[in-house]
Amino acid sequence: MGLGKASTAERLDADAKRFIEAVQAELKAAKDDSQRYKRITEEMGVIMGRLRDERDGYRLEWEAASAELRRLTRPRATPASGNGSPRRAGNGHDGSALKNTPRSALRVLCVGTGRDGTTSLTRMMQEVFDNQGNGDRAVHEWASGELNELFCQLKETNDSGFEDQIRQTILDCPHACVVGNGYAAVLPIIAELLGDQVTLVHLRRRDRAACIASLAENAEVAPENHFYYANSPAAHRKRPTAFHFGEMSKQQWLDLPLTDKFGWYYDKTHALIEKSKGLFPNTLSVDTEDLALDSVRAALAHAAGSSEAPRAFHVNRFVDLRHVPAERRSFVQRLLGQLDVQKLAHDDLYGVRQVLNELIYHLAHFPDEAPGALDELRWTLSETYRLLDHRISDVRELMERVGVTPETAAPPTEHGAPRPHEGARLNS
């Protein structure tokens, strides 16, 4: 090989070597950049998580400060004059017709449309009270149907006697927490009577279309509480409509498709709640889809005066009632629709309590005015007694096997006897 050819080959080798080294350097730099980017991304995720937590904390503090400001600046009702004349409410209503009953126990009022997590929210609030151990109760849809009916009658007749009944119902509430629909239209009255002691929780399902579809389906399979909505002879209890608020005629309302009716109902319910928030010293807004969030559960506990957040509850939402006989749908819906599968998996007695509670409720509300219904009720009660008595004998036999008798068993509490790890152990 000549000198010129050798020089050319060496130069090409040197160029190739430099090129390879340059590529390797670029690859190394790219790898370093990738690792640095990954590290930066991970750090940003941590920082964003902290910022979201701080944001939620600031939001809760802001809501608490805003509620306190409203409480301090809210006009107080004028006390009764010394001449003994009855005090009139802000709307001119004479309160003298109300019975002198003990002050309502209501402290937390959670209002939504229904089909938006009210049952799960009820379970969560009850766990807050159970953790406190004070015996308070959270109740789903307490008097909601009655209040809906009374509001409609008030609007249709302009008879102030129905407003007296609304007021008396609210004052007679024996529960610390009430969750459900049926309260949005009467929130001004609730605020006037109990506003200083009640925290208003606004529950909203963000998925409007899904909520409306669920409401419509529920009205079709369980029409009892959907008069003016469901086209069924079984619908007998009224529910507020657009014509009760002067937004359309009664005939225009009746001509609407069911989904349009519930579209109006969804929007109106939330509008009424928003409008009434300023009447309450303490309010909290919760989206159904966020019920499981730590910050939301902590805020719900705080609303009930506790620092111990409840667990997230998910009740049995998949109950298809289309193939259940119409006269049995209400019972089946109450029994299965409120069944907490999570609790069923961890508490051997929960299922027994749930079924017995719903059975007793069902029999206590049996339609005994129908022909032959009273005889059927008597037979059902007798068979229930025989069944329970028979199973009690089986329970006694099992108790004897493990050396415990009813006389030595731990005394029952509201939710049954304490579990062994709570201090009551079976004799070995």
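At what angle do helix α6 (residues 208-221) and α8 pack, and how far apart are their axes? The tour begins there, after a note on the model.

The model is predicted, with local features requiring pLDDT of at least 70 and side-chain atom pairs counted only at pLDDT 80 or more, while totals for chains, interfaces and linings use all residues. Residues are numbered from 1 along each chain as its sequence is written, and side-chain values use heavy atoms, with hydrogens and water left out.

**First stop: α6 and α8**

Select residues 208-221, which form helix α6, and residues 258-276, which form helix α8. Helices are DSSP runs (H or I, at least four residues), numbered from the N terminus. The two pack at an angle of about 120°, and their axes lie 9 Å apart. Axes are lines fitted to C-alpha atoms over the stretch in contact, and angles run from 0 to 180 degrees between N-to-C directions. The pair is therefore oblique; angles under 35 degrees count as roughly parallel, over 145 as roughly antiparallel, 65 to 115 as roughly perpendicular and the rest as oblique. α6 and α8 cross in a right-handed manner (the near helix is turned clockwise from the far one by less than a right angle; anticlockwise is left-handed).

Next, display the side chains in contact, meaning heavy atoms within 4.5 Å. On α6, the contact residues include Arg 208, Ile 212 and Leu 215; on α8, they include Phe 262, Tyr 265 and Tyr 266. The contact of α6 with α8 comprises 9 nonpolar, 2 polar and 3 charged residues (Ala, Val, Leu, Ile, Met, Phe, Trp, Tyr, Cys and Pro count as nonpolar, Asp, Glu, Lys and Arg as charged, and the others, Gly among them, as polar).

**Second stop: the largest cavity**

Keep α8 selected: with 5 residues, this helix gives the most to the lining of the largest cavity. A cavity is a set of points on a 1 Å grid over the protein atoms alone where a 1.4 Å probe fits but cannot get out, and lining residues have an atom within 4 Å of a point. The volume is about 130 Å³, that is, the space filled by probe spheres set on the points, which are joined across faces, edges and corners. Of the 16 lining residues, Ala 184, Ala 185, Pro 240, Tyr 265 and Thr 269 lie nearest the centre. The lining of this cavity has 9 nonpolar, 5 polar and 2 charged residues.

The whole structure holds 2 cavities of 30 Å³ or more.

Select helix α4 (residues 160-171) and helix α5 (residues 187-194), which pack at about 55° with axes 10 Å apart. They are therefore oblique to each other, and their crossing is right-handed.

**Last stop: α12 and α13**

Select residues 350-364 (α12) and 373-401 (α13), which pack at about 155° with axes 11 Å apart. α12 is therefore roughly antiparallel to α13, and the crossing is left-handed. Leu 356, Leu 359 and Leu 363 of α12 meet α13 residues including Leu 377 and Leu 388.

Note on methods: 1 Å grid on protein atoms, 1.4 Å probe; cavity = no way out; pocket = protein on both sides within 12 Å on 5 of 7 lines; lining within 4 Å.
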